[in-house]
Amino acid sequence: MTTSEVGMTVDALDARILGLFAAEPRVGVLEASRRLGVARGTVQARLDRLQRDGVVRGWGPDIDTTAIGYPVTAFATLQIEQGSGHTTVAEALARIPEVLEVHTITGAEDLWCRIVARSNADLQRVIDQVVIVQGIQRASTVIALAEQIQHRVLPLVHAATKT
């Protein structure tokens, strides 16, 4: 089994390093080592391992979709035609910029999508693009009214160090 199949052990130092870089992505390895009280080489080696093992997927900026003009968030569940294949449909959905995430799910529907739009009227345009994707039979959409908990992973990282 690979690390991604069984999960990687993250220890307390890994969690501290990840927490610092999540809070201040531009902190730099030397400054991080100073703040954490560990050698620069240790911080660099840990970061390299975390990235190599797929724990850290990227170092890009965390972009607020509202700030770039997409204040409407919606969630859509999609039912696809038998034999269409999740991959083919997902590839088509990936070509729609407003479709931010697509997950295969259990239950009556087949896919779950997070979508953003400039307005409710614009959301209709995006949904129209989604439902014309070959292989999609039906879509059901709900609009998010407010974000109660922003996407987060650090609490999980800290919990993983306690197991």
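**Surface, fold and main pocket of a predicted model**

The accessible surface of this protein is about 10,800 Å², and carbon and sulfur atoms hold 53% of that; areas are Shrake-Rupley, with a 1.4 Å probe. The model is predicted, with local features needing pLDDT of at least 70 and side-chain atom pairs pLDDT 80 or more, while totals for chains, interfaces and linings use all residues. Numbering runs from 1 along each chain as its sequence is written, and side-chain values use heavy atoms, without hydrogens and water.

On to the fold. There are 7 helices and 4 strands, taken as DSSP runs: H or I of at least four residues, E of at least two, numbered from the N terminus. Their order is α-α-α-α-β-α-β-β-α-β-α.

Overall dimensions next. Along the principal axes, the C-alpha box is roughly 55 × 40 × 25 Å. Of the 163 residues, 31% are buried, meaning under 20% relative accessible area with a 1.4 Å probe, protein chains only.

Now the largest pocket, with a volume of about 2,000 Å³. A pocket here is an open set of points on a 1 Å grid where a 1.4 Å probe fits, with protein on both sides within 12 Å along at least five of seven lines; lining residues have an atom within 4 Å of a point. It has 41 lining residues, and Arg57, Asp62, His151, Arg152 and Val153 are the closest to its centre. Helix H7 gives the largest share of the lining, 4 residues.

Methods
Points joined across faces, edges and corners; volume = space filled by probe spheres on them. Buried < 20%, exposed > 50% of the residue type's maximum accessible area, 1.4 Å probe, protein only.
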